[in-house]
Amino acid sequence: MGSYWSATRAPRYSLVFAFPLLVIYELLAFVLTHDAIAGVRNGADVLLKSVFIALGGRNGVVVFGVILVGTGLLLVWRDMRRSGGDIRPAWFGAMLGESILYALLFGLIASSLTSLLLHGRLGFLLQAPLERLDLATQLMVSLGAGIYEELLFRVILVGALFKAGKLLGWKPLTAGAVATIVGAFIFSAFHYIGPYGDRLELTSFAFRVVAGLLFSGLYLLRGFGVTAWTHALYDVFLSLL
C-alpha cells in the first residue's frame, strides 16, 4: 500500500490526478478556438504537437494524443498490477489541497529566492504579453502550462539530460544536478520566444530559472500530478490578480 507521500507519486495517483487537467485544457482550447490546432495555445503544447504535425499533418495531432494518453494508461495499468489495485479516492482530494497550498506559496518563495540571488532586486513580474488576452484565454494558457510545460521541461527535457549525463559516465547525483540546472535555464528562456513571449529582463529571467529549479524539486519529491496542478494553479492565480 505504502504511505500517502510515496504512493501518490506513483502513476496510479499522479497520472490519474493530472488527466483532468489535460482534458479541461484541451476542451477549453477547442471551445475558444473551434479548432484542434489553430489559435492561441500554450507554447509547450504547440512545440510538442508541431513535431507530429510536421510528420503527419493534422493526423499528427491524433497520433500525439494516442501516444500521450496510451502511454499514460500503460503506466497506470502497470502500477495498478504492482500495487494490487490499491486506490484511496480521498487521497486525490489531499493532492488537490497540496497543489493549492504550494501554488499559493510558490510566488513568495520564488520571489524571495530571486531577490536574494539578485541582492534585493524583486524577482517576480507578471507576464505582460498575456494581459493582452481575454481572461478565458489566459486561464486556458495557464492550465496548459501546468500539463504541457511540466511534461516538456521536467519529464522529457530534464529526464533526457539526466540520461545523457549518465551515458557520459557522470555519477547520478552529478547528472541530476546538471540536468536540473540546464533544464531550468532552458525553461526560463522558453518564455521569451514567440509573439506572446515576455520582454527579456534580468529579474524575470532569474525568477523563471529559480521557478524551474523549484518545479524540478517538486517533481522529484511529489511526482508529475501535484507538480502539474501546482504550476497550473499558480499561473491561474496570476491571471486572476
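Helix axes here are lines fitted to C-alpha atoms over the stretch in contact, and the angle between two of them runs from 0 to 180 degrees between N-to-C directions. With that in hand, the axes of α2 and α6 come within 9 Å and cross at roughly 145°. The model is predicted.

**α2 with α6**

- The crossing of this pair, α2 and α6, is left-handed.
- On the α2 side, the contact is made by Ala18, Leu21, Leu22, Ile24, Tyr25, Glu26, Leu28, Ala29 and Leu32.
- On the α6 side, the contact is made by Ala136, Thr137, Leu139, Met140, Leu143, Gly144, Gly146, Ile147 and Tyr148.
- Sorted by class, the contact of α2 with α6 holds 14 nonpolar, 3 polar and 1 charged residues.

**α2 with α4**

- α2 also packs with α4, at an angle of about 150° and with the two axes 8 Å apart.
- Because angles over 145 degrees count as roughly antiparallel, α2 is roughly antiparallel to α4.
- α2 passes α4 in a crossing that is left-handed.
- From α2, the residues making this contact are Pro11, Arg12, Leu15, Val16, Phe19 and Leu22.
- From α4, they are Leu68, Val69, Gly72, Leu75, Val76, Asp79, Met80 and Ser83.
- The contact of α2 with α4 has 10 nonpolar, 2 polar and 2 charged residues.
- Leu22 of α2 is listed in the contact with α6 and in the contact with α4.

**α6 with α8**

- The axes of α6 and α8 come within 7 Å of each other and cross at roughly 165°.
- α6 and α8 are therefore roughly antiparallel to each other.
- The crossing in which α6 passes α8 is right-handed.
- Residues of the contact of α6 with α8 divide into 15 nonpolar, 8 polar and 4 charged.

**The largest pocket**

- The largest pocket holds about 960 Å³ of space.
- Its lining is made up of 35 residues, and those nearest the centre of the pocket are Leu15, Leu75, Leu151, Val155 and Phe224.
- Of these, Leu15 and Leu75 also take part in the contact of α2 with α4.
- Helices that each supply at least two residues of the lining are α2 (11–33), α3 (43–56), α4 (59–83), α6 (135–167), α7 (172–190) and α8 (202–240).
- α4 gives the largest share of the lining, 9 residues.
- By class, the lining of the largest pocket has 25 nonpolar, 8 polar and 2 charged residues.

Notes:
Residues numbered from 1 in each chain as written. Predicted model: local features only at pLDDT ≥ 70, side-chain atom pairs only at ≥ 80, totals over all residues. Heavy atoms only, no water. 1 Å grid on protein atoms, 1.4 Å probe; cavity = no way out; pocket = protein on both sides within 12 Å on 5 of 7 lines; lining within 4 Å. Points joined across faces, edges and corners; volume = space filled by probe spheres on them. Helix = DSSP H or I, 4+ residues; strand = E, 2+ residues; numbered from the N terminus. Nonpolar A, V, L, I, M, F, W, Y, C, P; charged D, E, K, R; others polar. Parallel < 35°, antiparallel > 145°, perpendicular 65-115°, else oblique. Left-handed = near helix turned anticlockwise from the far one by under 90°. Contact = heavy atoms within 4.5 Å.
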